[in-house]
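Let us take a walk through this structure together, one part at a time. Have the sequence and the 3D view at hand, and turn the view as you read.

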Amino acid sequence: MLTSLLKIAWRNIIRSKGFSFINIMGLAIGMASSMLIIMWIYSEVTYEDFHENKDRIYEAWNRASFSGKLQCWNTTPKILARTVEKDLPEVEQAVRVDWTSHFLFSVGDKRITEAGNIVDSNFLQVFTFPLLRGEPQTVLREHNSIVLTRSFSQTLFGNQDPVGQTVKIDNNQDFTVTGILAELPKNTRFEFDYLVPWSYKRSIGDDDSYWGNNSTRTYVELKPNASLASANEKMKVLKPRYQPEDSTWEMFLYPMGKWRLYSSFTDGQEDGGGRIAYVRWFGVIALFILLIACINFMNLSTARSERRAKEVGIRKVVGARKQGLISQFIGESILMSVIAGILALILVTLSLPGFNRLTDKTLQIDYSNPYFWMLFLGFVLFTGLLAGSYPAFFLSSFQPLKALKGVITNVNTLVTPRKMLVILQFTFGIILMICTIIVRQQINYAQQRETGYNKNNLIYHHFTGDIPKNYRLIKSELLSSGAASSVAITSAPITQSWSDGWGQEWEGKDPNDKTDFYRYNEEEDLGETVGLTFVQGRDFDLSQYPTDSTAMIINETALKVMKFDNPIGQIVKDNGEEWHIVGVIKDFILTSPYQPTSPMLIYGAKSWFYTLLIKLNHDRSTAENLKTAEGIFKKYNPEYPFDYQFVDEEYAQKFANEKRTGTLAGLFSALAILISCLGLFGLATYMAESRIKEIGIRKVLGASVVGLTSLLTKDFLKLVIVSFLLAAPLAWWAMHHWLQSYPYHTPIRWEVFVMTGLLSALIAVMTVGFQAIKAALTNPVGSIKNE
Amino acid sequence: MPMIQLSNIERYYTTGLQKTWVLRQINLNINAGEFVTIMGPSGAGKSTLLNIIGMLDQPNNGEFLFLDEPVFQMKERHRNELHKQYMGFVFQAYHLIDDLTVYENIETPLLYRKIKKNERQSIIAELLDRFNMVAKKDLFPSQLSGGQQQIVGVARAIAAKPKLLLADEPTGNLHSTQGEVIMDLFKQLHAEGMTIIQVTHSEKYATYGSRIIFLEDGFVRNDERIGS
């Protein structure tokens, strides 16, 4: 029985090659798209899934009120880890992870800068990163021990046995390699090539036990069966106990399972947002693309029902029952979906590298994993059932007598379910199309926003090695060599905020004001180097005004907060120092181009510095400037590589996430429309074929080719118009919500809707029109005679 | 006990407010082993009567006992079983499945009766041999002449060894030599004990049977047994 059914299914596929091709290709593209998205979703929801104690690991967060708003964030005092171990009986252990370090490693003649973390020595006991060499309990116990990843140890030591080798860090201390880590999985927030014990931080004087300095991340492992609720009760009152002035400042533990996808808070409460929103949206898109492909299958199968009607009739007469026919037709669609699934797997394999580039992921298929094949099989069966169920019930319900007489079919008019399915396809395609355009408009809108400074020819370099000692020499030599037209020494790159704080004092300040200011430091010449606009006063100039080392520049937003009528000469107290304002600058974008600019204070030379900002000389080529600069850096900082960044490239990174969303939305909308058009083309072919006699008669009676073409196209056009009318408000709603998450966002313009409407109509007309014209041009003599 | 007992069978179609009568007050008994020919002008209701007997259609009034069982009072499932167990059909337009070979077409009813593979093979081999179709068993219907297709149709109809063979103008699409081949087959089957009911326009082919029922405007006008 089964072989007979398979045989007939296969012969059906072979006999109508065109339809089979459209069906299978549509399904394959749809399945491949869904599979890619499902893989993406899988990698998102399995973040940190590999840690043995994942259900007991938490991150410490703060919840405190600023200017009347409850905020949540996850940097903590360094002292917190030891305190929770002492004060909370629920806690098994706590581990601190410092900000990513970029240490210089010296082994023999090799000099390599690499990213890694300073961590508490129990890090590998809390988190499950397998060691190839060494024991988690002991590898980080000694002060001068270091653990390397296998790839980094190979970079440093080649094929030599790394364990026991010595490596110098930052030209400062020697470390002995005590352990080798397997490569880190990609689905974790941690990214390091080495681990150094916390004692190193202490030895360079970077440790403190001050409760007011939120400067590290603290992870907490609870005891098995310990209650999170009771631990959080104690966390809530921990800060006021040690820092009584922060009486309402709460801390809480946030579970590992939520780090990646949630971690989004509004007014001190989880708002259900975060990456999970993208996961949900992508899930919906995956399902709909698959559905669109399945709809093609349903529509083409039912449109061709008269071909199968006779077979249904005969089978019923010779003894088939309805259930048997249903399973026959579902079996056929499963066969199709198996073929399509194999094609989809090939498509996925081919497109995975590109998809990974687009999504910034390293997804891969583990072909040797039986679970993968089980899932794949399940996916194929699901698709086959989804695509085959409606046609199966439709075809198997034919009355045998009517089916044999051929009075079933009524194909000239599109039957209602089929119309609805086509509308569903196009509605979805049009929604995605509108979303794509609006996402792009939003990116353009933010990109076109005035940055407030000139990014061109601007590079920066962090302080490494001897730079803090020699930066004045470097600066003057860069200027005298002609490589740079201006150089500024600052605390951070011009595209990042490294420090912010509240509690500054000034005359006339409202005592309840807890405005958080960005803090930025410069020595002098920042205005000239990046091209800031001073609306009042001037930049720092230490040679003319030596007191500028305690001077301050504020931006316009800060001026509004401080409400000075005459800001120049006003005193701002911060960090136990008095700063006098010498200038007010126009706002510029320091962090997010989507946010309104925050109030900002720029402190003078009595603060700290970590970055050189260099405006390259635009009279010389960039390559030449960089070559000269490299020579100067090598001269004054010989141990370290010349490791610069272009500011405009870094600024462009601020759009990377949105660009990715935009590209993906564009890709998926193109695929959705493509698959829909494939189906429409198939339907149009069939309609044209089945109306060939009507067309012949009309032609004999005097209809023109244009008239006939529009007659055949009109029906489809109507469907697309209905789809558009459904899609437009839905797309508007979705995009309105999306844009709300950007305070600085583009308005939704009606032109977008008009454009998509016309475009989708055009695509549909072109898809159908080809078949319509072909049918209209047919010689009527032949078509009328064939009865 | 007659195999088929029809009492007061009536069938009509309603179009709008108008009733179009197809069958009226049909009372018929057909015994096992009869070879009945239904004749009459176009539109007399011949095919409708055949389809009602074949349980493919239902009358508006009347009763139909098949082997003493009331057909239209039984559950559909039961009726399907009866249909499957006792009846074979031959159509004017052959109605072979285009995608199946001769062999596979004959096999289809056997598959729905869950007959084992080696048994199927022997039944089909026997039929192919009997109808001289062995060489054509792997051809598709489109590769056969009309007569050959109808031979396959007959072979398929009797493959599951039905008690009753229903044939709706089996020779209607065939020229005379092909038609005679089919009718000779029917005659043989009848001689072997098969009950046959055929609809035909041909006076000549009507004489192959044992009884002629003449329908006109939905009524039985004449019912005569003929010697053969």
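What percentage of the 228 residues in chain B is buried? The answer is 42%. Please keep in mind, as you look around, that this is a predicted model. For chain B the average pLDDT is 90, and 100% of the residues score at least 70. For the complex, the predictor reports an ipTM of 0.83 and a pTM of 0.81.

Let us stay with chain B for a moment. Seven helices and 10 strands make up its list of elements. A compact globule of 228 residues would have a radius of gyration near 17 Å, and the 18 Å of chain B agrees with that. Look at the contacts in chain B with a separation of 6 or more: 69% of them link residues 24 or more positions apart.

Helix α3 of chain B covers residues 102-112, and because 10 of its 11 residues are buried, it is largely enclosed by the rest of the structure. After α3(B) comes B:K114, with a positive phi near 55°.

Now move over to chain A. Here you can find 24 helices and 26 strands, and the C-alpha trace spans about 105 × 60 × 55 Å along its principal axes. Of its 787 residues, 41% count as buried. Among contacts in chain A with a separation of 6 or more, residues 24 or more positions apart account for 81%.

What lies inside? The largest nonpolar core has 83 residues, and A:I289, A:A293 and A:I434 are those with the most contacts inside it. Elements of chain A that give two or more residues to this core include α2 (17-45), α9 (275-303), α14 (416-448) and α20 (656-690). The largest share, 15 residues, comes from α20(A). Domain 1 and domain 3 of chain A both give residues to this core, so it lies between them. Take A:I289 as a guide: leaving aside neighbours within four places in sequence, A:I289 is in contact with A:G30, A:S33, A:S34, A:F668, A:L671 and A:A672. A second, separate core has 75 residues, and it includes A:A320 as well as B:Y103, B:I106 and B:L127. In soluble globular proteins, nonpolar side chains tend to be buried together.

Next, see where the two chains meet. The contact takes 19 residues from chain A and 18 residues from chain B. On the side of chain A that touches chain B, the elements giving two or more residues are α1 (2-15), α10 (305-317) and α13 (400-405) of chain A. By class, this side of chain A has nine nonpolar, four polar and six charged residues.

Where does A:E270 sit? A:E270 is in strand β14 of chain A, residues 269-270. With 14 C-beta neighbours inside 10 Å, A:E270 counts as partly exposed. Not counting residues up to four places away in sequence, A:E270 touches A:Y262, A:S264 and A:F265. A:C72 is 198 residues away from A:E270 along the chain, yet their C-alpha atoms are separated by 9.2 Å.

The other stop is A:E245, in the loop between α8 (238-242) and β12 (250-255) of chain A. Because 8 other C-beta atoms lie within 10 Å, A:E245 is exposed. From A:E245 to A:S549 the sequence separation is 304 residues, and the distance in space is 31 Å, C-alpha to C-alpha.

Terms used
Residues numbered from 1 in each chain as written. Chains lettered and ligands numbered in written order. Predicted model: local features only at pLDDT ≥ 70, side-chain atom pairs only at ≥ 80, totals over all residues. Helix = DSSP H or I, 4+ residues; strand = E, 2+ residues; numbered from the N terminus. Rg over C-alpha atoms; globule rule 2.2 N^0.38 Å. Buried ≥ 20, exposed ≤ 12 C-beta atoms within 10 Å, placed from the backbone. Contact = placed C-beta atoms within 7 Å. Nonpolar A, V, L, I, M, F, W, Y, C, P; charged D, E, K, R; others polar. Core = buried A, V, L, I, M, F, W, Y, C linked by C-beta atoms within 7 Å. Domains from an automatic or database assignment. pLDDT = per-residue confidence, 0-100.
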